[in-house]
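Have a look at the model first, and then we'll walk through a few spots.

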Amino acid sequence: METKSQQNQIKRRNFLQRSAGFAASAILLPFLGNSAYSAANYIIDSSSIPTVKLNNGLLMPTLGFGTYSLRDNICKRSVAEAISVGYRLFDTASRYGNETFVGSGIKDSGIKRNELFITSKLWVDDSGYEKTKIAFETSLKKLDTNYLDLYLIHRPRGDFKGSWRMMEELYKEGKIKAIGVSNFTPAQYEDLMLVAKIKPAINQIETHAFFQEIDSYGYLKKKGVQMEAWAPFAEGRNELFTNETLASIGKKYNKSNAQVSLRWHYQRGIVAIPRTVQRAHMIENLKIYDFKLSDAEMKVISALDLNVSQFPEWT
Ligand code: NAP
């Protein structure tokens with residue numbers, strides 16, 4: 001029987017062998033169309049994913065991988081696979097109940113911790129100064145890491161000001177590289193700023209073509225807070241993946257509605273964290289840096305805004 005260290009070595013060797021295969025096919029595949037993604041192995045050079053600089057100087061990839069609703073082995077396999085095709089930013093939350101599987105997917109990939117950007121979130125039941133520390137330590141343990149790149153207050157409920165005070169301390173201790181919020185309106189942000197000594201680096205909010213959050217967009221820009229889009233595809237609601245406006249724009253560049261959507265987020269300066277369990281979609285969603293939407297096309301997409309959340313059940 002192998003020791004734990006031998007098992008880790010074998011896992012890493014297998015992962016590297018798989019990656020070498022992907023890298024070889026990457027030399028050929030840039031010349032093939034979208035349809036080739038599912039048919040062949042492919043790897044994106046993760047250093048080619050542009051980064052944004054957060055208000056504390058930390059660099060963050062402009063595109064990451066969401067893990068909402070991914071559980072057990074599907075989560076573990078998807079995370080490891082996403083790393084193998086080039087993703088480096090991962091978004092989880094204690095509420096998703098999958099931090100352990102995100103952690104083991106990362107372990108399986110054999111990648112070095114410092115090559116990743118891991119986000120988790122504090123759930124509302126854990127709000128308050130003392131509880132936040134316990135919840136944070138629990139997340140670290142489940143993810144099998146000793147720091148987070150980004151820790152967010154998941155929702156502005158409960159004693160979120162007490163939570164922020166603890167998050168500032170954890171940040172100063174170097175246990176979190178950046179701290180931020182999620183689902184905060186400008187008014188809730190202002191409320192937090194009455195007590196905050198450190199400005200949030202991020203506000204992660206629902207943003208997609210049908211709910212563009214124009215007010216928050218302008219507000220966060222003015223305040224120097226990076227906007228991050230959750231549900232960048234609206235989970236496919238309102239027929240986003242077959243929307244004719246997005247499709248007619250995509251046709252010009254041989255890109256899918258998903259790619260046009262992600263490119264639109266990128267050109268607006270928004271970080272997006274799409275989720276998928278399909279390898280072909282993982283690759284497709286990363287292939288957004290080789291075309292550019294014109295100003296006119298950006299305006300056409302702006303006109304799709306319904307200014308209504310597609311997730312009324314969550315508000
Ligand atoms: P999403 O990313 O908008 O949509 C996910 C859906 O899109 C999946 O059903 C996936 O199906 C499909 N999909 C992905 N790529 C595709 C492609 N190229 N073509 C066609 N279909 C595609 O939804 P989300 O997971 O709700 O949001 C993303 C992440 O944001 C979450 O996973 C989570 O990390 C975060 N989030 C945060 C909050 C918050 O309150 N802070 C709330 C919600 C979500 P397949 O698997 O079949 O590809």
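Helix 11, spanning residues 279–286, is the top contributor to the shell around the ligand, giving 3 residues. Keep in mind that this is a predicted model. In total, 27 residues surround the ligand. The closest of them are Gly66, Tyr68, Ala258, Arg275 and Thr276.

Now for a helix pair. Helix 3 (residues 72–85) and helix 4 (residues 99–109) have axes that come within 7 Å and cross at roughly 40°. That angle is why helix 3 counts as oblique to helix 4. As for handedness, the crossing of these two helices is right-handed.

Who meets whom here? On the helix 3 side it's Asp72, Cys75, Lys76, Arg77, Ser78, Val79, Ala80, Ile83 and Ser84, and they meet Phe101, Val102, Ser104, Gly105, Ile106, Asp108 and Ser109 of helix 4. Sorted by class, this contact has 7 nonpolar, 5 polar and 4 charged residues.

Is helix 4 mostly covered or mostly open? Mostly covered: 8 of its 11 residues are buried. Those buried residues are Glu99, Phe101, Val102, Gly103, Gly105, Ile106, Asp108 and Ser109. Just past the end of helix 4 sits Gly110, which takes a positive phi of about 75°.

Next stop, Phe160, which is part of helix 6 (residues 160–172). Is Phe160 buried or exposed? It has 24 other C-beta atoms within 10 Å, so Phe160 is buried, the cut-off being 20 or more. Leaving out residues up to four places away in sequence, Phe160 touches Ser127, Ile153 and Leu192. Val124 is 36 residues from Phe160 along the chain, and the C-alpha atoms of the two are separated by 8.1 Å.

Finally, zoom out to the whole protein chain. Its secondary structure comes to 12 helices and 10 strands. Of its 315 residues, 42% are buried. And if you take the contacts with a separation of 6 or more, 73% of them are between residues 24 or more positions apart.

Note on methods. Residues numbered from 1 in each chain as written. Predicted model: local features only at pLDDT ≥ 70, side-chain atom pairs only at ≥ 80, totals over all residues. Near = placed C-beta within 6 Å. Helix = DSSP H or I, 4+ residues; strand = E, 2+ residues; numbered from the N terminus. Axes fitted to C-alpha atoms, helices over the stretch in contact; angles between N-to-C directions. Parallel < 35°, antiparallel > 145°, perpendicular 65-115°, else oblique. Left-handed = near helix turned anticlockwise from the far one by under 90°. Contact = placed C-beta atoms within 7 Å. Nonpolar A, V, L, I, M, F, W, Y, C, P; charged D, E, K, R; others polar. Buried ≥ 20, exposed ≤ 12 C-beta atoms within 10 Å, placed from the backbone.
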